[in-house]
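Hello,

Here is the structure I promised to pass on. Please open it first, then read my notes below.

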Amino acid sequence: MRIAMIGTGYVGLVSGVCFSDFGHDVVCVDKDAGKIERLNSGEVPIYEPGLDQLMEKNVAAGRLSFTSDLAAAVSGAEAVFIAVGTPTRRGDGHADLTYVMAAAEEIAGALTDYAVVVTKSTVPVGTNRQVKQVIAKANPQADFDVASNPEFLREGAAIEDFMKPDRVVVGVQNDRAAEVMAEIYRPLYLRDFPILTTDLESAELIKYAANAFLAAKITFINEIAGLCERVGADVKEVSRGIGFDGRIGNKFLHAGPGYGGSCFPKDTAALARIGQDHAFPLRITETVMRVNDEVKLRMVEKLRDACDGSFNGKTVAVLGVTFKPNTDDMREAPSLTIVPALVGGGARVRVVDPQGRAEGEALLPGVKWMDDPYQAAQNADLVVLLTEWNEFRALDLKKLARRMEVPRMADLRNIYSPKAAKRAGFETYTSVGRGDPR
């Protein structure tokens, strides 16, 4: 199949590379000429484990190319994927569809033969019908169908998620479009991965509902963690106990400093807005958003308590600032709430993150970036574990404690245990939801 992928952001680039590895001929398009130049020189503009090797392999095989010429890429393509950004619109929480509709209009003028125009971006219910209207208006002679094909990629594990998906969701209006989509995903059909072919509206809503549910699960266990601290229970044991129930499951039940990233904050806000627009407020989703913000603020107070009530004059080492490990993504990361509070309170903040510096330097002014956690902890008053990178899962706690002016740890990912921290020489160890004694 000949595929055009419009947009080389996270979703577009990963999807384009993986489609080419299926054996399709993929042309990825982006208006940013500098970005295309970097891609053509073999440079991957995002951090995603394994993506650089897979891209190099398929470029060498002649199945993958990059261009800023949308018309050339779309001409003769059997499927054109829209994978542009849909950021939260300022003021109302809606997904901003400006880039989606601009892409649709440009695609309309480039269509030469029958093609399925597929929305890969996360979009509100009804967007694909709007895309169809935009294309039909711009080019009444165009022979095309639209399809919804939302992505379910976890940053840091995107290639495996694409190649071995829990499910593929395809929304179509007729058999002709369904057949094209089935051919695109034939390698997954042959390996018996679940592929759900449904209507446009259901496909659009599945994506939002899935992310809202996972965000709710994270927020639920974070609320339970707060209660655990009051009653002396251990949230890790509570999570294990409820996770054994097959109806609940053990995933997304890890207490921490709140969710962030490119999907959950944006998609919960958009889903809440969709509910409001249809006079059906989604109270659970709205509460999840509010509580998640409160969780981040609660973490700030934990750190303040660990610093004897004031950040002023304290030296704090923060380990990890990306919203999760194995990504360089800083969007809506808890660190964007926590670190500015430290700096604003008068703390001297040192930051260590394997991939976060490129984005973090602009987003976290006033901090000192370092490469080594032990160096960052030198003469520090508090070390904060904020992102659970593998590099921070097996620290020499004794070495860390010896380096510090006052050996205190705030483990906001519950990586270690109070006993291990005490044995290592930490005077205080603070975690989430474990009612740890001071």
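Start at Arg 408. Its bridge partner is Thr 428, in strand E14. Please keep in mind that this is a predicted model.

That bridge belongs to a pair of strands. Strand E13 covers residues 408-411. E13 and E14 pair in the parallel sense, over 3 bridges.

Now step back to the sheet. How many strands does the open sheet have, and in what order? There are 6 strands, and the order is E11-E10-E9-E12-E13-E14. The pairing is parallel.

Helix H13, residues 283-306, lies across strand E12 (382-385), E13 and E14. H13 runs at about 155° to E12.

Next, the second largest pocket. Its volume is about 1,100 Å³. The lining counts 44 residues. Which of them lie nearest the centre? They are Gly 9, Val 84, Gly 85, Thr 86 and Arg 331.

Three helices each supply at least two residues of this lining: helix H1 (10-21), helix H5 (98-110) and helix H12 (264-277). H5 gives the most, with 4 residues.

What is the make-up of the lining in nonpolar, polar and charged residues? It divides into 16 nonpolar, 13 polar and 15 charged.

To find your way around, begin with Arg 408 and Thr 428. Then follow the strand order from E14 back to E11. After that, go to Arg 331 for the pocket centre.

Best wishes

Definitions and conventions
Residues numbered from 1 in each chain as written. Predicted model: local features only at pLDDT ≥ 70, side-chain atom pairs only at ≥ 80, totals over all residues. Heavy atoms only, no water. 1 Å grid on protein atoms, 1.4 Å probe; cavity = no way out; pocket = protein on both sides within 12 Å on 5 of 7 lines; lining within 4 Å. Points joined across faces, edges and corners; volume = space filled by probe spheres on them. Nonpolar A, V, L, I, M, F, W, Y, C, P; charged D, E, K, R; others polar. Pairing = 2+ DSSP bridges. Contact = heavy atoms within 4.5 Å. Axes fitted to C-alpha atoms, helices over the stretch in contact; angles between N-to-C directions.
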